[in-house]
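Work through the exercises below with the sequence and the 3D view side by side. Try each task before you read its solution.

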Amino acid sequence: MQPTLVVLAAGMGSRYGSLKQIDPFGPNGETIIDYSVFDAVRAGFEKIVLVIRESLLSDFEELYLNKFSKRVEVDYVFQELHNLPSGIDVPAERTKPWGTGHAVMVADDKVKAPFAVINADDFYGASSFELMVQELRKLDPDTLGACMVGFVLGNTISDHGYVSRGVCELDRNGSLSSITERTHITKEQDGVIYYQDGNDQVALDDDQVVSMNLMGFTPPAFDLMKAQFAEFIQTNYQNPKAEFYIPTILDHVARRRAVPVVTSNEKWLGVTYQEDKPLVMARLKELHGQGIYPNDMWD
């Protein structure tokens, strides 16, 4: 059973200021999603599920669905505020999606094989997808299981503001002990990377393993997601900014069984801020020039 890739593309992109999911970055107008799906197909993924907002469907049909379907099975699902457990209404103050964990959860009906999750606006690099496929093929699809491709923190920092990362602790066997979402990680003028903990800045090592949401799961993980999301809603119903994160799900799997973590040495390219875009465009142009990506990726 070949793996599925779930692409989280329903986010608002508030810090970036526009729709990163459809913004061109490559020298021939390629988007970040183009590169991720291209790398995923080369690595062995045989189905792509795009998690989008319904209002973006026409844009995604034009840009992706017909193009991707030439090379791989492709489907989509909507992440909307009203996708809640039965009997629960959307709070009046809530205006943003419920978070990345919720985005994965709504893909349940489209996923029947071990699957990986990625952010639509992060460039992970070809070898990262190859590592993930190797790990997914080791999992029993009928049993709760998970895996993760981690990244070196120093390779994932923006020069233009804070980023969010899942900070990972590993046991002696290289399995996940814990993962904690940190939402304000920056490199300061002293060259040290910090995260904000209340009023305090806490230093992190450059080589700290972090999550970029490149995580793998087996289909039984959906039941766990739904149970954890129901608890999240009960606790955070009145908090309009609370988000249900994918690392929360992975952390709960790790409490039940070993979750192997393999570390990618790829350097992250991301567009958290508009100021990130020129650097990403320059690097992608270099990769095309080196022949890593063809000029006509989907011909």
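Buried means under 20% relative accessible area, exposed means over 50%, and partly exposed lies in between (1.4 Å probe, protein chains only). Helices (H or I, at least four residues) and strands (E, at least two) are DSSP runs, numbered from the N terminus. This is a predicted model: local features need pLDDT of at least 70, side-chain atom pairs count only at pLDDT 80 or more, and totals for chains, interfaces and linings use all residues. Residues are numbered from 1 along each chain as its sequence is written, and side-chain values use heavy atoms, with hydrogens and water left out.

**Exercise 1.** Find the buried residues of helix H2 and say what covers them.

Solution. Start with residues 57-68, which form H2. Leu57, Phe60, Tyr64, Leu65 and Phe68 are buried there. They cover an arc of only 95° around the axis, so they sit on the same side of H2. The arc is that of the directions from the helix axis to the C-beta atoms. Now turn to the other side of H2: Glu62 and Asn66 are exposed. Finally, look for the cover. It includes H1, strand S2 (47-52) and strand S3 (73-78). Contact here means heavy atoms within 4.5 Å.

**Exercise 2.** Describe helix H1: what is its span, and how many of its residues are buried?

Solution. H1 runs over residues 32-43, 12 residues in total. From first C-alpha to last it reaches 17 Å, close to the 16 Å expected at 1.5 Å a residue. The expected span is 1.5 Å times one less than the number of residues. Next, check the cover: 11 of the 12 residues are buried. Among them are Ile33, Tyr35, Phe38 and Val41. Then step past the end. Just after H1, glycine 44 takes a positive phi of about 125°.

**Exercise 3.** Which residues meet where H5 packs on H6, and at what angle do the helices pack?

Solution. Two packed helices are described by the angle between their axes and the distance between the axes. For H5 (residues 221-236) and H6 (residues 246-254), the angle is about 115° and the axes are 10 Å apart. Leu224, Met225 and Gln228 in H5 meet Ile249, His252 and Val253 in H6. By class, this contact has four nonpolar, two polar and no charged residues.

**Exercise 4.** Is isoleucine 292 buried, exposed or partly exposed?

Solution. Look in the segment after helix H7 (277-289) for isoleucine 292. With a relative accessible area of 35%, isoleucine 292 is partly exposed. Not counting residues up to four places away in sequence, isoleucine 292 touches Arg42 and Leu287.

Key
Axes are lines fitted to C-alpha atoms, for helices over the stretch in contact, and angles run from 0 to 180 degrees between N-to-C directions. Ala, Val, Leu, Ile, Met, Phe, Trp, Tyr, Cys and Pro count as nonpolar, Asp, Glu, Lys and Arg as charged, and the others, Gly among them, as polar.
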